Amino acid sequence: MARAVELTDDLLQDQLNRLGEGHFLILSWCTLCEDKTVKYNITNCFDDLKSAGITRTKQTAVSFVETLWALCFVDIRDERNRKNIYITPHGAKALAHLVKSNRYKLKSSSYLEDLKS
Amino acid sequence: MKVIGIGGAGGKIAAKMDSQNAILVNVSETELEKVVGGGEHIVAPVQSTAGQFRGSRKDPTIGHDAYNTIRRRMQDIIGGAIVFSSTGGGTGNGITTGILEDIIAHDDALESSNGIPINEKTMFCLVLPDDELESNYVENSIDFMSKPLATAIDKGSTGNIMLFSNKLKFEDQIGEDAYNQMIADSLNVFMSIPDKNTSFKLMELHIDHEDFMAYTAKPYFNHFCYFDYDPGKDFGSQLTANWNKLLLPPEEPIEAMFLLEVPAGQDHTIFYKILPFFEKKKVNPIYSVVENPSLQRPFITVSLLYSRKPLELIDEFNKVNQEVKDVKVSKSLDQHVVLEKLNVDMNKEAKRASKEKGLDADELLQALKRIKKL
């Protein structure tokens with residue numbers, strides 16, 4: 001079991017309260033991809049959100065990612081003409097808290113599953 | 001008169017008719033041994049190792065094939081005999097078909113000398129299945145009546161044919177043995193007409209053995225019945241009320257015979273009240289009146305010969321057969337279950353299962369630690 005994450009910052013607490021399922025899933029998927037040393041870009045993110053039934057438009061997917069970037073929960077790096085997403089230490093803290101709160105259910109990434117098979 | 005019983009049902013009735021001398025024919029010795037009474041046993045071997053013990057299994061072709069092995073023996077004994085057989089099973093139907101075919105061929109061969117002589121004509125007592133409760137036997141009966149029996153009637157090669165029905169057996173819930181005894185007893189009443197003419201005091205006319213033989217040699221269906229005759233009532237309505245329930249009801253009579261037995265000392269001229277009934281039907285009956293001292297009331301035995309084509313009977317059987325088939329088809333359609341073939345792609349199923357299962361929270365937290373973000 002991971003060690004307990006204590007939140008002392010009220011701002012972070014308020015930010016977490018405003019995150020939706022889409023944000024949560026993006027944080028989890030980009031974490032898993034990074035763990036597997038797989039690049040995870042906005043297009044992969046859109047496909048996964050679509051597959052999970054969260055959204056059907058790329059604009060929404062982009063806005064989820066941009067929000068997470070604005071909150072410093074993810075970094076977006078231009079790599080070989082792709083905008084790849086990486087979780088930040090703040091994002092990691094936020095994700096760990098969300099996971100423990102059981103507010104949302106984790107879902108697998110279709111992109112990562114396809115790569116596995 | 002020689003009594004021959006073909007198959008299971010025919011054999012049992014024949015043994016009731018003549019418990020000492022009835023000739024019993026079957027495809028299986030085991031089946032023959034089940035019959036109580038009777039005389040000679042004729043086994044028609046079936047060309048199968050199991051056949052001698054298994055009977056015809058309701059398949060008339062087995063009975064018909066088996067007949068070929070005893071054909072010569074049957075040709076020797078069939079003339080002048082009375083044959084009992086059922087039409088619904090395999091042995092009775094199959095062997096009787098063979099017998100009828102041979103009788104027709106024999107009659108054709110003797111055409112130049114007026115066909116089979118009267119004393120050589122064969123009477124048939126056929127047991128028909130109950131059309132509703134024995135529908136599984138109806139199909140064989142339809143084949144039998146539409147082919148060999150119809151041809152025999154058209155050619156006029158046989159003697160009287162009596163169509164017994166199993167209907168009463170089911171309606172009154174009578175055991176097989178008791179029902180067979182009823183058929184034998186009933187037939188004995190009719191067959192005793194010439195003997196009664198010999199043994200009782202003749203009051204009016206005479207039906208001797210020769211007259212009776214000539215009558216039973218006619219190729220018609222015979223419906224006979226008997227009842228206490230009340231001269232004060234209309235004969236026609238008494239007759240209709242007393243149809244023999246063991247037999248199929250008759251059609252319009254072509255020929256008729258009756259024997260009136262009156263108690264000793266009673267007016268025997270009551271028979272004149274019967275004659276107008278037949279006059280209306282344009283039938284001249286053969287009849288006689290005897291005095292039977294053991295009777296309290298007048299007793300009459302009537303026989304009507306009619307030529308209702310079996311095809312009309314077949315229509316009724318066909319109707320029932322069709323109804324049963326329709327119900328069977330409808331039931332099987334109702335119970336038809338489509339089994340869908342599932343093309344399972346194990347990879348896709350595994351993905352779906354893992355997607356449904358979701359991810360483990362601990363696994364995610366461990367990942368965060370591994371990438372050193374937490």
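## A buried alanine in chain A

A:Ala94 is buried, because its relative accessible area is 0%. Keep in mind that what you're looking at is a predicted model. You'll find A:Ala94 in helix α5 of chain A, which covers residues 89–101.

So who are its neighbours? Set aside the residues within four places in sequence, and A:Ala94 is in contact with A:Leu16 and A:Phe73. There's also A:Gln13 to look at: it sits 81 residues away from A:Ala94 along the chain, yet the two C-alpha atoms are separated by 8.6 Å.

## Chain B in outline

Now for chain B, which has 374 residues, 49% of them counted as buried. Its secondary structure comes to 15 helices and 11 strands.

Take the contacts in chain B between residues at least 6 apart in sequence: 74% of these join residues at least 24 apart.

Helix α1 of chain B runs over residues 7–17, and its buried residues are B:Gly7, B:Gly10, B:Gly11, B:Ile13, B:Ala14, B:Ala15 and B:Met17.

What do those buried residues pack against? In chain B, their partners include the strands β1 (3–6), β2 (23–26), β4 (82–86) and β5 (123–128). Two helices of chain B are on the list as well, α5 (91–109) and α8 (176–191).

## A buried asparagine in chain B

B:Asn197 is part of helix α9 of chain B, residues 193–199. Is B:Asn197 buried or exposed? Its relative accessibility is 2%, so it counts as buried.

Leave out residues up to four places away in sequence, and B:Asn197 touches B:Leu202, B:His206, B:Ile207, B:Leu259, B:Ser288 and B:Val290.

Let's move to the surface. One patch there carries negative charge, and it brings together B:Glu132, B:Glu171, B:Asp172, B:Glu323 and B:Asp326. Pick out B:Glu171 from that group: it lies in helix α7 of chain B, residues 167–171. With a relative accessibility of 56%, B:Glu171 is over the 50% cut-off, so it counts as exposed.

The other patch is nonpolar, formed by B:Leu342, B:Val344 and B:Met346, and together they have about 360 Å² of accessible area. B:Leu342 sits in a loop of chain B, between α13 (310–334) and α14 (346–357). It counts as exposed because its relative accessibility is 66%.

## Two residues with positive phi

Finally, here's a detail of the backbone. A:Asn81 isn't a glycine, but its phi is positive, at about 65°. To find A:Asn81, look in the loop of chain A between β1 (74–79) and β2 (82–87). Its relative accessibility is 72%, so A:Asn81 counts as exposed.

Which value does phi take in B:Lys372? It is near 60°, and this residue is again something other than glycine with a positive phi. B:Lys372 belongs to the segment after α15 (361–370) of chain B. The relative accessible area of B:Lys372 is 71%, which means that B:Lys372 is exposed.

Terms used:
Residues are numbered from 1 along each chain as its sequence is written. Chains are lettered from A and ligands numbered from 1 in the order in which they are written. This is a predicted model: local features need pLDDT of at least 70, side-chain atom pairs count only at pLDDT 80 or more; totals for chains, interfaces and linings use all residues. Side-chain values use heavy atoms; hydrogens and water are left out. Patches are made of residues with over 30% relative accessible area and no salt bridge: like charges are joined within 9 Å, nonpolar side chains (Val, Leu, Ile, Met, Phe, Trp, Tyr) within 5 Å. Accessible areas come from the Shrake-Rupley method with a 1.4 Å probe; for residues, only the protein chains shown count as cover. A salt bridge is a side-chain nitrogen of Lys or Arg within 4 Å of a carboxyl oxygen of Asp or Glu. Lys and Arg count as positive and Asp and Glu as negative; His and the chain ends are not counted. The place of a charge is taken as NZ of Lys, CZ of Arg, CG of Asp or CD of Glu. Helices (H or I, at least four residues) and strands (E, at least two) are DSSP runs, numbered from the N terminus. Buried means under 20% relative accessible area, exposed over 50%, partly exposed in between (1.4 Å probe, protein chains only). Contact means heavy atoms within 4.5 Å.
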